[in-house]
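Could you walk me through this protein model as if I were new to structures?

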Amino acid sequence: MKYIVLFGCLLLAMSQVSFAQKGNKQIAQGNKLYQAGKYKQAAAAYENALKIVPNNQTAKYNLANALEKQKQEEKASEIYQQLAKKGNKNIQANSYYNDGVADVKSKKLKEAIDAFKNTLRRAPNDQEARENLQKALNEQKQNQKQNQQNKDQNKQNQPKNDQDKKQQQSPKEQENKKQMDQLLNQLRDQEKDLQKKLQKQNQQTKQPEKDW
């Protein structure tokens, strides 16, 4: 099932402040590297921006994108989740969407579904999020159906009677059971013999009735 993997575009340095503003130069540098496909170097540039301004949402968001491109979905997801709670509405929507895509790649369907739903709550017209949500729901339903079929198959394969259980026992287990059965039979025979002897003794010791 192919998902739409469309990560939000990179965020640019804030236009209303000087280009030389703290952190903006590093972000712009990281964006050029990212667009050139040099994701590792881009991530380093965004990290440098965060060393200067630790709470820079633009640098964090772009860093998460660069990490995801390096297949570091877990690290990227952590950043997306942070931004989804603290970022502005646009960053929240993009972060939830990207987190959903990262969760799909990590086989976390439930988390992906929640992320796409949160995207649509903030951006109801996001068609990509809507399509990915539907695909995730379909895949989840298919997995649940497959799991139920596997459970039913396992039940069918379970032993139906003692004969099936016996066939599944190892030769040593079967031999031990045979010896145990023989011992129980011997004890039963001995018990019967003892009962017969006691009954015979009782009959011999019983005094005859008086003949009036």
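**A walk through the helices**

Let's start with a residue that is tucked away: Tyr 97 has a relative accessible area of 4%, so it is buried. Here buried means under 20% relative accessible area, exposed means over 50%, and partly exposed is in between, using a 1.4 Å probe and protein chains only. Keep in mind that this is a predicted model, where local features need pLDDT of at least 70 and side-chain atom pairs count only at pLDDT 80 or more, while totals for chains, interfaces and linings use all residues. Residues are numbered from 1 along each chain as its sequence is written, and side-chain values use heavy atoms, with hydrogens and water left out.

Now for the overall picture. The protein chain has 9 helices and 0 strands, and from the N terminus on its elements run α-α-α-α-α-α-α-α-α. Helices are DSSP runs of H or I with at least four residues, strands are E runs of at least two, and both are numbered from the N terminus. Of the 212 residues in the protein chain, 30% count as buried. Take the contacts with a separation of 6 or more: residues 24 or more positions apart account for 49% of them. Contact means heavy atoms within 4.5 Å.

In the model, residues 23-56 are 76% helix and 0% strand, with end C-alpha atoms 8 Å apart. For residues 93-126 the figures are 79% helix and 0% strand, and the end C-alpha atoms lie 9 Å apart.

Next, look at the rings. Rings of Phe, Tyr and Trp (its six-membered ring) pair if their centres lie within 6.5 Å; planes under 30 degrees apart count as stacked, over 60 as edge-to-face and the rest as tilted. By that rule there are 3 aromatic pairs. One of them joins Tyr 34 and Tyr 39: their ring centres are 5.1 Å apart and their planes sit at 70°, so this pair is edge-to-face. Tyr 34 is buried, because its relative accessibility is 13%, whereas Tyr 39, at 24%, is partly exposed. Another pair brings back Tyr 97, now with Phe 116: the ring centres are 5.8 Å apart and the planes are at 55°, so the pair is tilted. This pair links distant parts of the chain, with Tyr 97 in helix 5 (residues 89-105) and Phe 116 in helix 6 (residues 109-122), 19 residues apart. Phe 116 counts as buried because its relative accessibility is 0%.

Stay with helix 6 for a moment. How do the axes of helix 6 and helix 7 cross? They come within 9 Å and cross at roughly 155°, helix 7 being residues 127-157. That makes helix 6 roughly antiparallel to helix 7. Axes are lines fitted to C-alpha atoms, for helices over the stretch in contact, and angles run from 0 to 180 degrees between N-to-C directions. Angles under 35 degrees count as roughly parallel, over 145 as roughly antiparallel, 65 to 115 as roughly perpendicular and the rest as oblique. Residues that meet across the two helices include Ile 113, Phe 116 and Leu 120 in helix 6, and Leu 133, Ala 136 and Leu 137 in helix 7.

Thr 119 is in helix 6 too, and it is buried because its relative accessibility is 0%. Leaving out residues up to four places away in sequence, Thr 119 touches Ala 93, Tyr 96, Tyr 97, Asp 126 and Ala 129. Back in helix 4 (residues 73-86) you'll find Leu 83, which is buried, with a relative accessible area of 3%.

Finally, check out two loops. Most residues other than glycine have a negative phi. Lys 71, however, has a positive phi, near 65°, and sits in the loop between helix 3 (57-69) and helix 4. Lys 107 also has a positive phi, about 65°, although it is not a glycine, and its place is in the loop between helix 5 and helix 6. Are these two lysines buried or exposed? Lys 71 is exposed, with a relative accessible area of 67%, and Lys 107 counts as exposed at 73% relative accessibility.
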